[in-house]
Amino acid sequence: MYVLGIESSCDETGVALVKAGDQPVPRLLAHALHSQIDMHQAYGGVVPELASRDHIRRVLPLAQQVLGAAGLPLDAVEVVAYTRGPGLAGALLVGAGVACALGAALDRPVVGVHHLEGHLLSPFLSADPPEFPFIALLVSGGHTQLMRVDGVGAYELLGETIDDAAGEAFDKSAKLLGLGYPGGPALARLAEFGDAASFALPRPLLHSGKLDFSFAGLKTAVRVQLGKLGPNVCEQSRADLAAATQAAIVDVLVAKSLAALKASGLKRLVVAGGVGANRALRDRLDAECRKRGVRVHYPELHLCTDNGAMIALAAAMRLESGRAEARRDYAFDVKPRWELGTA
Ligand code: KG4
Ligand code: ZN
């Protein structure tokens, strides 16, 4: 079964082709991505209307590119999958509209996928795929969640952020430090030159005994420290503050993940979403989990942030487990706000 996946929920247009059914785990045949980062950079964040317009421009050429790379004609596609939500309404509508048009033209079913389910399952495309059950740490620009995952569609939310997401904490702190958008990778790069011990930043809810997160206070603490440093802050202090910010976020993410593993008795952790690309987070998790006999699985680095491969994969895994709604009415809808695990 060839599944074409289209991702357009935010600022990346992603298209991919996955083959499922002939092996235990679906295989990625080809994928293509266009990032809108350069376009939004001038505004310091994503401009929804510009995002939608750019998705319109990119999605069909990317689909052609993917099919060309896979060496397959368009009518080889057997299922068209798209991100149904959550995300920017206009951006989601582009992917949904194109997917439904392709489905109708090819007389093939379409499947709407939850963006976070795509992230959650993305490590199944890696060279070291996980096995169910596992604890998942989902850390993206909009979400920070710990979940117990017993199978495709069997997701139990254990804890989540009560305010900012981990990615947002990176992005907002980076903005205060004068780094561009998206701030996560830029802050991580600056942090390499800094000493995290130079600033004592809060670790909110670290000892709450619960698995919820709170990151809103962190950016305030960064703002206060920057205020103390004054307008002529030197490069070393900025790097130190970046390192301290990253360490505070990583500490909390690692501690809560370990607590979730301990409470569940599970020995497997999956880390997904854009922040999962963070080297400091990976190093700490690897070290702490090794000590405890826990295996950690990540998506391939280039599939950590948004992409079409995870959408095609999630649709394929859902279809294979009999949990997907493959629609042929082509009356597409999108769900800009959508809790994972609800219809
Ligand atoms: O999953 P994703 O691509 O999009 C959403 O679904 O939100 O995640 C994007 C987030 C952004 O906040 C970005 O700053 C963050 O992931 N991010 C990182 C790194 N790479 C991406 N944060 C820290 N370190 C990184 N290396
Ligand atoms: Zn995402």
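Trainee: Does D22 count as buried, partly exposed or exposed, and which class does its relative accessibility put it in?
Mentor: Bear in mind that this is a predicted model. The class is called buried under 20% relative accessible area and exposed over 50%. The relative accessibility of D22 is 43%, so D22 counts as partly exposed.

Trainee: Which side chain meets that of D22 in a salt bridge?
Mentor: Side chains of opposite charge can pair when their charged atoms come close. For D22 the N to O distance in the salt bridge is 3.2 Å, and the side chain on the other end is that of K19.

Trainee: In which helix do R238 and E235 both lie?
Mentor: Their side chains meet in a salt bridge, at 2.8 Å from N to O. R238 counts as buried at 15% relative accessibility, whereas E235, with a relative accessible area of 48%, is partly exposed. The two residues are three apart, about one turn of the helix, and the helix that holds them both is α8.

Trainee: How far apart are the closest N and O atoms of E288 and K291?
Mentor: Both residues belong to helix α9 (residues 279-291), and because they are three residues apart, about one helical turn separates them. E288 is buried, with a relative accessible area of 15%, while K291 counts as exposed at 65% relative accessibility. The pair forms a salt bridge in which the closest N and O atoms are 3.4 Å apart.

Trainee: Which residues are linked with E288 and K291 in a network of salt bridges?
Mentor: A search of the whole structure finds 22 salt bridges. In the network that contains E288 and K291, the other linked residues are R203, D251, R284 and R292.

Trainee: Why is helix α6 described as largely enclosed by the rest of the structure?
Mentor: The helix spans residues 183-191, and what covers its buried residues includes α5 (166-176) and α8 (235-264). Its buried residues are G183, G184, A186, L187, A188, L190 and A191.

Trainee: Which element gives the most residues to the largest nonpolar core?
Mentor: That core has 47 residues, and those with the most contacts inside it are L137, L201, L253, L269 and V271. The elements giving two or more residues to it are β6 (134-139), α5, α6, α7 (216-229), α8, β9 (268-272) and α9. With 14 residues, the element that gives the most is α8.

Trainee: Which residues are in contact with L137, leaving aside its neighbours within four places in sequence?
Mentor: L137 is one of the residues with the most contacts inside the largest nonpolar core. Once those sequence neighbours are left aside, the residues in contact with L137 are Q145, L146, F213, L253, S257, L269, V270, V271, A272 and L285.

Definitions and conventions:
Residues numbered from 1 in each chain as written. Chains lettered and ligands numbered in written order. Predicted model: local features only at pLDDT ≥ 70, side-chain atom pairs only at ≥ 80, totals over all residues. Heavy atoms only, no water. Buried < 20%, exposed > 50% of the residue type's maximum accessible area, 1.4 Å probe, protein only. Helix = DSSP H or I, 4+ residues; strand = E, 2+ residues; numbered from the N terminus. Contact = heavy atoms within 4.5 Å. Salt bridge = Lys/Arg side-chain N within 4 Å of Asp/Glu carboxyl O. Core = buried A, V, L, I, M, F, W, Y, C linked by side-chain atoms within 4.5 Å.
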